Amino acid sequence: MNRALWKDRVLSSEVLRSEEGRRVKLAGWVHSIRDLGKVVFIILRDRDGMVQLVFSLNTSGRELVEQAKRLGKEYVVMVEGFVKHTEKAPGGAEVHVDRLQVVNEAEVPPHLEPDQRAKVDLDVRLDDRMLDLRRPENYAIFRINHVVLSAARRYLESEGFMEVHTPKLIATATEGGAALFPVAYFDKEAFLAQSPQLYKEQLSAVFERVYEIGPLFRAEESHTNRHLSEYVGIDVEAAFADEEDVMRVLEGMVAFVIREVTERCRKELELLRRELKPLSTPFVRLTYDEAIERLREVGIMIEWGHDLTTEAERALGRMFDGPFFIVDWPTHLKPFYIMPREDDPSRSYSFDLMYGWLEIASGGRRIHRKEQLIARLKEQGLNPDSFKHHLKCYDYGMPPHSGWGLGLARLMMIITGREDIREVVLYPRDRWRLTP
Ligand code: ATP
Ligand code: MG
């Protein structure tokens with residue numbers, strides 16, 4: 001293979017910015033082919049976008065035109081030619097090719113060709129996910145995903161947070177709640193981590209401000225469009241901070257992410273036909289009691305102490321366009337480590353961040369005294385013995401601390417307007433899907 005040909009290749013967008021007549025090398029995939037007999041137009045796709053290639057008798061010669069006619073969609077090719085500016089080409093420029101090398105042929109099922117506009121069932125697409133990801137809309141989704149992650153990291157770093165990674169293989173002690181996946185660990189049974197909760201709390205007693213972006217695992221039995229068995233969480237924990245302090249970090253991060261995506265992903269948002277409204281902070285804060293009262297007014301009855309149903313969440317989402325917090329949840333609805341309110345222990349210093357109809361994050365102030373934590377473990381029917389490694393840390397100087405966990409894909413659903421979480425995860429895992 002002629003390596004030299006791609007060594008100093010340019011990307012498609014550079015062609016559009018190049019001066020007339022510049023000689024360029026390009027590499028990528030054949031996105032589409034239009035054969036007009038004497039002229040063949042090819043749309044070449046690379047990581048940067050697309051550009052039109054022209055094979056004509058004049059510049060390319062008969063042999064090359066014939067070769068171009070035999071190309072198939074998704075063939076990997078390298079070409080060399082001259083830039084020509086013309087109104088007729090998409091983006092205003094094209095490359096007239098005089099050298100072509102086919103690096104690899106391809107054979108793709110017609111309904112999965114990346115230039116197809118027709119709607120294809122998501123499951124069918126997911127079965128051939130690599131090919132499916134080449135669709136321009138999907139490419140756009142994951143470009144945005146990248147910008148979301150990079151913006152989140154930048155924001156958290158600017159707020160003094162340090163990135164950490166905690167174990168995903170854990171022993172028995174769990175937070176309760178979500179079901180865990182067991183794994184064979186040598187001669188023991190281990191589990192896949194459902195959250196970095198206990199580790200990030202411990203680390204807040206060392207580094208004060210930590211965050212983790214990593215995979216989390218939950219054996220979600222029910223099949224919904226917003227739950228996966230494996231998802232990426234953005235988790236934050238801060239020492240000497242209360243729930244209001246970390247809510248400010250959360251809303252600040254979400255607003256910054258939306259601004260960055262709006263600025264850096266214009267092309268992608270346009271392709272997905274999305275317009276993002278800039279967010280102003282602080283976000284609306286609504287207590288749990290106010291939320292159930294508002295729901296009662298529209299005829300949705302939630303008894304105090306019960307979790308909000310999906311119907312209730314959708315109704316609230318219609319009342320508040322955009323993100324809003326629900327705070328002061330009943331203590332027994334929240335995990336054992338959440339601190340009950342001093343003035344009313346049946347309620348807690350906790351919050352959920354809703355964005356439209358979706359819960360995108362949960363957090364709160366944590367208990368930092370050992371006796372209180374043990375009492376709460378027992379109240380929730382958990383055995384303090386299984387938490388002995390964690391509880392020991394409370395003997396060594398645990399600072400007051402607070403934090404939250406946000407589901408990356410939930411935020412991506414909002415940004416991209418996709419209603420199924422599987423659309424915004426590269427290789428989704430759910431009750432029924434473990435491949436590809
Ligand atoms: P839900 O009520 O929607 O099931 P949860 O309250 O059980 O979520 P938390 O434990 O609060 O979830 O997790 C923090 C965040 O992680 C959630 O707000 C959500 O954005 C995300 N998340 C939780 N479970 C999943 C899942 N199975 N798939 C994708 N994201 C999830
Ligand atoms: Mg939650």
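Before the details, a word on how to read the model: residues are numbered from 1 along each chain as its sequence is written, while chains are lettered from A and ligands numbered from 1 in the order in which they are written. Since this is a prediction, local features need pLDDT of at least 70 and side-chain atom pairs count only at pLDDT 80 or more, whereas totals for chains, interfaces and linings use all residues, and side-chain values use heavy atoms, with hydrogens and water left out.

Let me start with the whole chain. It has 15 helices and 16 strands, where helices (H or I, at least four residues) and strands (E, at least two) are DSSP runs numbered from the N terminus. Along its principal axes, the C-alpha trace spans about 85 × 55 × 40 Å. Of the 436 residues, 52% are buried; here buried means under 20% relative accessible area, exposed means over 50%, and partly exposed lies in between, with a 1.4 Å probe and protein chains only. The chain exposes about 21,400 Å², of which carbon and sulfur atoms supply 51%, and such areas come from the Shrake-Rupley method with a 1.4 Å probe, where for residues only the protein chains shown count as cover. If we take contacts (heavy atoms within 4.5 Å) between residues at least 6 apart in sequence, 66% of them join residues at least 24 apart.

Now to ligand 1. How many residues surround ligand 1? There are 14, and the closest are Glu-220, His-227, Leu-228, Glu-359 and Ile-360; a residue counts here if one of its heavy atoms lies within 4 Å of the molecule. By class, this shell holds 5 nonpolar, 4 polar and 5 charged residues, with Ala, Val, Leu, Ile, Met, Phe, Trp, Tyr, Cys and Pro counted as nonpolar, Asp, Glu, Lys and Arg as charged, and the others, Gly among them, as polar. Strand E15 (358-365) and strand E16 (401-407) each supply at least two residues of the shell, and E15 gives the most, with 4 residues.

In the side chain of Arg-218, an N or O atom is 3.0 Å from an oxygen atom of ligand 1, and in the side chain of Tyr-231 the corresponding distance to a ligand oxygen atom is 3.3 Å. Gly-407 takes part through its backbone, with an N or O atom lying 3.2 Å from an oxygen atom of ligand 1. Taken alone, ligand 1 exposes 590 Å², and the protein buries 79% of that.

Glu-359 leads us on to ligand 2, which is a magnesium ion coordinated by Glu-359 (OE) and Ser-362 (OG), at 2.2 to 2.3 Å. Donors are N, O and S atoms within 2.8 Å of the metal (3.2 Å for Na, K and Ca), and because water is not among the atoms, sites may look incomplete. Glu-359 counts as partly exposed because its relative accessibility is 24%, and Ser-362 is also partly exposed, at 25%.

Let us turn to two places in the helices. Ala-409 lies in helix H15 (residues 408-416) and counts as buried because its relative accessibility is 8%. What does Ala-409 contact, leaving aside its neighbours within four places in sequence? The residues are Ile-421, Val-424 and Val-425, and although Val-424 is 15 residues away along the chain, its C-alpha atom is separated from that of Ala-409 by 6.1 Å. In helix H12 (residues 310-319), the buried residues include Ala-312, Glu-313, Ala-315, Leu-316 and Gly-317, and what covers the buried residues of H12 includes E12, helix H11 (288-297), E13 and E14.

Finally, some backbone details. Most residues other than glycine have a negative phi, and most peptide bonds are trans. The peptide bond from Thr-281 to Pro-282 is cis, with omega near 0°, and Pro-282 sits in the loop between helix H10 (266-271) and strand E12 (284-287). In that loop between H10 and E12 we also find Arg-273, which has a positive phi of about 55° although it is not a glycine, and which counts as exposed because its relative accessibility is 71%. Asp-328, in the loop between strand E13 (323-327) and strand E14 (350-355), has a positive phi of about 60°, but Asp-328 counts as buried, at 17% relative accessibility.

Terms used:
A polar contact is a pair of N or O atoms within 3.5 Å; within protein, one must be able to donate a hydrogen and the other to accept it, and residues adjacent in sequence count only if both atoms are side-chain atoms.
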